[in-house]
Structures are given as structure tokens and as C-alpha cells.
Amino acid sequence: MTQPYVIDKMISAKTISARIEELATEIRDAFAGTDKLIVVGLLRGSFVFIADLVRELDMNVEVDFLEASSYGDSMESSREVRILKDLRGEIHGRDVLLVEDIVDTGFTLSHVTNLLKSREPRRLETIALLDKPSRRETDVKATWTGFEIPDEFVVGYGIDFAQRNRNLPYIGKVRFEGGE
Ligand code: IMP
């Protein structure tokens, strides 16, 4: 059972949408000349972000998904990253954009990036909607970041707390009732 909590709005749906437009322009420019971009979403947290992002990418894209183990139902990151669902398609010699919801310790991004690199894509770039730089325990940084946020546990816009709150249209921070 999860302790009761409230969600304080942190980043509005409108702000997210405006930022995605900017990011999409940068991505389109960076991949100009690519015949097809393979956009890889890291499940499950990136599903809303990738849906909005690809609709702003006015170019030829293919969408694929990868699922890596992360927090499970807890609020703590595990250092061990396992691949629960692999890509359907080949990425060898292709241009790939890996889409992550949050970079926290960085273990997930680092592990998945290394895995994808071992398949020798022509080019691999990464994008994270949120970044918590103060939590970093590895030497990774996404090519593009939507927003840098402080060390707060957040939910919404695809991101969950014990599988809840993914359907909130905005990003909110979790505050336990009775806590600060
Ligand atoms: P990392 O491996 O520690 O960087 O963790 C990355 C994954 O942990 C993210 O893709 C999220 O699934 C999850 N995560 C990190 N911070 C939060 C949070 O504040 N709320 C919900 N999930 C989070």
C-alpha cells in the first residue's frame, strides 16, 4: 500500500508542448538529410512524450520500443538494468533517436546507450524529457533535454508512481501527506 500523497503541479501541459516544438526543430535540423529516423521509446515512461514528439517531427520516422527494468514499484533506482523487451527492428547502419522520460542516476540511459551502440547504428542521439542532474551517478547526458528539475519524485505525462498517475497531462511532484 502506498502512503497517501498529493501531487503539486510542476510543469504544465502547455509548457511541455511548447518545449517539444523547440526540441523537434532542433532534432529535425540535426538529422537533416536522414532518409529515415528510428525513434526508440524506452517503455513505459516515455510513451506520452514519444507520441507528442513524433507528431512534431516533420520527417520520415519509424517508431520502435525497448523496455528496461527500473524502479519497479519503489522510489529508488536499481543499479542493475535488465532488458525486458527488445527492439523489433534492426538499427545497424541506421540513424537512431533514443527517447527517455527521466535521467536520474543515469544507469538506464548509460546501459541502453551502450547496448544500442554495440549494434552499430550510423548515428545514435538521445533525448530525455526530464533531467535530475543532482542525482547523477554515471557519466551520461542526453543530447537533448526538455527540462532540468531538482531532486523531486515526479509523476504524470507518462511517468508513474507504482504504475499510477501516468495519465496526468502535466508533470507534478509527489508530496506525502503530513510530509514537508
Ligand atoms: P536512472 O536509471 O536512475 O537514470 O532512472 C531512470 C528511470 O527511473 C526513468 O526512466 C524512470 O522510469 C525512473 N524514474 C526516475 N526518476 C523518477 C521520478 O521522479 N518519478 C518516476 N520515475 C522515475
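**Labels and the values behind them**

Mentor: This is a predicted model. In the shell around the ligand, seven residues are nonpolar, five polar and six charged.

Trainee: Which residues come nearest to the ligand?
Mentor: Asp101, Thr105, Gly106, Thr108 and Val154, out of 18 residues around the ligand. Strand β5 gives the largest share of the shell, four residues.

Trainee: How much of the ligand's accessible area does the protein cover?
Mentor: It covers 95% of the 490 Å² that the ligand has on its own.

Trainee: How do you know that Asp104 and Lys132 form a salt bridge?
Mentor: Their closest N and O atoms are 3.4 Å apart. The limit is 4 Å, so the pair qualifies. The pair links distant parts of the chain, 28 residues apart. Asp104 sits in the loop between β5 and α3, Lys132 in the loop between β6 and β7. Both residues are buried. Salt bridges with shared partners join Asp104, Lys132, Arg135 and Asp151 into one network.

Trainee: Why is Thr145 called buried?
Mentor: Its relative accessibility is 15%. Buried means under 20%, so Thr145 counts as buried. Thr145 is found in strand β7. Beyond its neighbours within four places in sequence, its contacts include Arg19, Leu23 and Ala128.

Trainee: What is the salt-bridge partner of Arg19?
Mentor: Glu22, with the closest N and O atoms 2.7 Å apart. Both lie in helix α1, three residues apart, about one turn of the helix.

Trainee: Why is Glu22 called partly exposed?
Mentor: Its relative accessibility is 44%.

Trainee: Glu67 and Arg44 meet in a salt bridge at 3.6 Å, N to O. Where do the two residues lie?
Mentor: Glu67 is in strand β3, Arg44 in the loop between β2 and α2, 23 residues apart. Glu67, at 18% relative accessibility, counts as buried. Arg44, at 42%, counts as partly exposed.

Definitions and conventions: Residues numbered from 1 in each chain as written. Predicted model: local features only at pLDDT ≥ 70, side-chain atom pairs only at ≥ 80, totals over all residues. Heavy atoms only, no water. Near = heavy atom within 4 Å. Areas by Shrake-Rupley, 256 points an atom, 1.4 Å probe, with all protein chains shown as cover. Nonpolar A, V, L, I, M, F, W, Y, C, P; charged D, E, K, R; others polar. Buried < 20%, exposed > 50% of the residue type's maximum accessible area, 1.4 Å probe, protein only. Contact = heavy atoms within 4.5 Å. Salt bridge = Lys/Arg side-chain N within 4 Å of Asp/Glu carboxyl O.
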